[in-house]
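Student: I would like to learn how to read a protein model, one feature at a time. Could you take me through this one slowly?

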Amino acid sequence: MRHIGWWLSSMLMLLLLMMVSCSQDSSNDGIDEPQNNLLRLSSVTRSNRAFTPSEGNSIKMYVMTKNGPYSEGTFNFTTSWANSNIRVKEHEQYYMYGFMPAGSYTSSISATEVNNDYSRGADLTVNGLPIFTSKDICAIVGVQRISATSEATNIVEGNYGYLSGLSNENYVNLLMDHLYGELALQFKVDADYHALRHIKLKSVTLKYDNGQGDAAANVNVTVRLRDGYGLGQSSVAYTPTGNKASHTFLENGSTVLNSNATAIGSGVKCPPSLFDQAGTYMTLTCTYDVCSTDNANTVIRANCTASNKVRVSGMEHGKTNTVTVTIAPTYLYVLTDPDLDNPTIYIGG
């Protein structure tokens, strides 16, 4: 009987231990592990202006220790920012780098200092970015930790360090800076020519072509981030891949131009360095009708086409460069002959 009693007592003790273990497991359902907490994104600031995300926005994040990677993932926005496996431990020092939008681009990160020291900075490479885009491609240039209840303060540009706190304190504010510049176009007609003929602009296309084939062109971007610094002109390197790309500013248009500059379409974002090659690879193609100035607006020459190399000086990331395109006459003295009415388009800064 003593053996049976001992056996029953042992089984009862084992059952109690199992019940306690199950109770502890269930109490952790839906709660972050104490030493592996999800990082939560509080807000994003872009070039010192509030950034209002829209559905489809995403941020790729690398969380590094001083000597190597700890976690990586994305923040995705639908109605709020959701975390995709970006984690931190409590009370640890990290360094954070990344870019947006994450999209389907491949990326990598490497330390540049001796001993693989990410506290001093990192080189962030993003491959397969578009030559022309409406998206605002940015890199993280500042990191700030706050708690769930504290309000955002000014983020220091060039601070990539993040000292984590308790699990409910690991919220982050991010400061972004633009990797692309923006090209905007405006058109006008030479004043003397406009008194004699009207120009109806129908289409405007910007093309990139390095003359090496027909493969679609992209660009690989390497961002050199350093502790204490944001992005300078020498901080970003652009390497084109592929051969051809294009962007349409205007299609099937009927804009009648005058001697005052008229903006055409919205600006397009593109790598600044591609415009620093004296227009070697960038061509602007315009299609327009030459019309009379009477009320009938008679078309004298239809579907004229002019192509010009685009030479833009001082194109910088984060800045908008507006280019003025002027349509001017070449043969004013024979304007009575419609077959020779062929104005010239030239591009100015």
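Predicted model: local features only at pLDDT ≥ 70, side-chain atom pairs only at ≥ 80, totals over all residues.

Student: Which residues is Cys138 in contact with, once its neighbours within four places in sequence are left aside?

Tutor: The contacts of Cys138 are then Arg46, Phe99, Met100, Met176, Asp177, His178 and Leu179. There is also a spatial relation to a residue 179 places away along the chain, His317, whose C-alpha atom is 9.7 Å from that of Cys138. For the protein chain in general, 71% of the contacts between residues at least 6 apart in sequence join residues at least 24 apart, and the secondary structure comprises two helices and 24 strands.

Student: How much space lies in the largest pocket, and which residues line it?

Tutor: Rolling a probe the size of a water molecule over the atoms shows where empty space is left. Here the largest pocket holds about 160 Å³ of space, and its lining includes Arg46 and Met100, together with Pro101, Lys135 and Asp136 among others. Sorted by class, that lining has three nonpolar, six polar and three charged residues.

Student: What is the peptide bond from Met100 to Pro101 like, cis or trans?

Tutor: Most residues other than glycine have a negative phi, and most peptide bonds are trans. The bond from Met100 to Pro101, however, is cis, with omega near -10°, and Pro101 sits in the loop between strand 8 (93-100) and strand 9 (106-110). As for phi, Asn252 has a positive value near 55°; Asn252 lies in the loop between strand 18 (244-250) and strand 19 (255-257), and with 74% relative accessibility it counts as exposed. Asn303 also has a positive phi, of about 55°, but Asn303 is found in strand 22 (residues 299-309) and, at 47% relative accessibility, counts as partly exposed.

Student: How many aromatic pairs are there, and how are the rings of Phe77 and Trp81 arranged?

Tutor: A pair of aromatic rings is described by the distance of the centres and the angle of the planes. The count comes to three aromatic pairs. In the pair of Phe77 and Trp81 the ring centres are 5.2 Å apart and the planes stand at 65°, so this pair is edge-to-face; both Phe77 and Trp81 are buried.

Note on methods
Residues numbered from 1 in each chain as written. Heavy atoms only, no water. Helix = DSSP H or I, 4+ residues; strand = E, 2+ residues; numbered from the N terminus. Contact = heavy atoms within 4.5 Å. 1 Å grid on protein atoms, 1.4 Å probe; cavity = no way out; pocket = protein on both sides within 12 Å on 5 of 7 lines; lining within 4 Å. Points joined across faces, edges and corners; volume = space filled by probe spheres on them. Nonpolar A, V, L, I, M, F, W, Y, C, P; charged D, E, K, R; others polar. Phe/Tyr/Trp six-rings, centres within 6.5 Å; stacked < 30°, edge-to-face > 60°. Buried < 20%, exposed > 50% of the residue type's maximum accessible area, 1.4 Å probe, protein only.
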